[in-house]
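Subject: Structure handover and findings

Dear colleague,

I am passing on to you the structure below, together with some notes on what was found in it. Please keep it open beside this message while you read.

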Amino acid sequence: MRTRTLALAAASGAALLATAALPATAQNTARAANAPTRTEEGSVSAADLLAKVKSCSQISSGKYKTDSETAATVPVCGKNGAVFWKADLDVDCDGQTTTACNRGTDPWFQGDTAFHQSNGKPLNAEKLPYVVVPSSSSIWSYSSAGMKGGGVVAVIYGNKVEYAVVGDTGPSKIIGEASYATAKALGMNPDPATGGAESGVTYILFTNSQAKPIESHSAAVSLGDELAKQFVADN
């Protein structure tokens, strides 16, 4: 985790220096290219969802770290029909070996995921937007909160909403991780070693939901849009 965080910081610094060296017109063009734009995945806007998670009713017994070397500052919060947290996004490439996700591209690569496709194979992090939840512990248990493999998640970054599924489990004391495909869809650098986001990511997990089959992103989007509308109406 430390290596990932330091690499991300170094890459961000290099990008800032490169932009600063450009003429004013080129700088504006570069900034415009990197600015988040609204995705039309679903009919509920990021602003409408974020308006419902401004306050936190903590349901976790403690708080999580975003990386192994940081302090534990992130609670899991409860709302009608969902749980949520606000954290960073570390890029997870675990699952099937692909061009973008393999032992050569990801120092932490593992060839399996906690939840599998309908054919029994691990999930494909390069193609499927999925979220990693902390393994159950005394801090919080995702299953006790009504979450399961394939559970639908609205991941929000800037003014973008990406629907994903619960696809993997991670360390029991760390939170804030999603697949390569999730990061890419949100406009982040999806590189598992240097990509992701250091903060500003909101994860809204709709309780007692399940996209079927788990590997169908269209199923997650369709169900997620329905649940997001209900979430906004009920909170």
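E177, in this predicted model, counts as buried because its relative accessibility is 12%, and a residue is called buried when that value is under 20%. You will find E177 in strand β6, which covers residues 177-179. Although E177 and Y203 are 26 residues apart along the chain, their C-alpha atoms are separated by 9.8 Å.

As background, rolling a probe the size of a water molecule over the atoms shows where empty space is left. A search of the whole structure finds one cavity of 30 Å³ or more, and about 50 Å³ of space lies in the largest cavity. Ten residues line the largest cavity, and the closest to its centre are V132, I174, I175, G176 and E177. Strand β3, made of residues 130-134, gives the largest share of this lining, with three residues.

Is G158 buried, exposed or partly exposed? G158 counts as partly exposed because its relative accessibility is 45%, which lies between the limits of 20% and 50%. In the chain, G158 lies in the loop that runs between β4 (152-157) and β5 (160-170). Leaving aside residues up to four places away in sequence, G158 touches A46 and L50. The C-alpha atoms of G158 and T202 are 9.4 Å apart in space, while the two residues are 44 apart in sequence.

Most residues other than glycine have a negative phi, and most peptide bonds are trans. With that in mind, note that the phi of N208 is near 55 degrees, a positive value in a residue other than glycine. N208 counts as exposed because its relative accessibility is 64%, and the cut-off for exposed is over 50%. As for the backbone at P213, the peptide bond that leads from K212 to P213 is cis, with omega near -5 degrees.

With best wishes,
A colleague

Conventions
Residues are numbered from 1 along each chain as its sequence is written. This is a predicted model: local features need pLDDT of at least 70, side-chain atom pairs count only at pLDDT 80 or more; totals for chains, interfaces and linings use all residues. Side-chain values use heavy atoms; hydrogens and water are left out. On a 1 Å grid over the protein atoms alone, a cavity is a set of points where a 1.4 Å probe fits but cannot get out, and a pocket is an open set with protein on both sides within 12 Å along at least five of seven lines; lining residues have an atom within 4 Å of a point. Grid points are joined across faces, edges and corners, and a volume is the space filled by probe spheres set on the points. Helices (H or I, at least four residues) and strands (E, at least two) are DSSP runs, numbered from the N terminus. Buried means under 20% relative accessible area, exposed over 50%, partly exposed in between (1.4 Å probe, protein chains only). Contact means heavy atoms within 4.5 Å.
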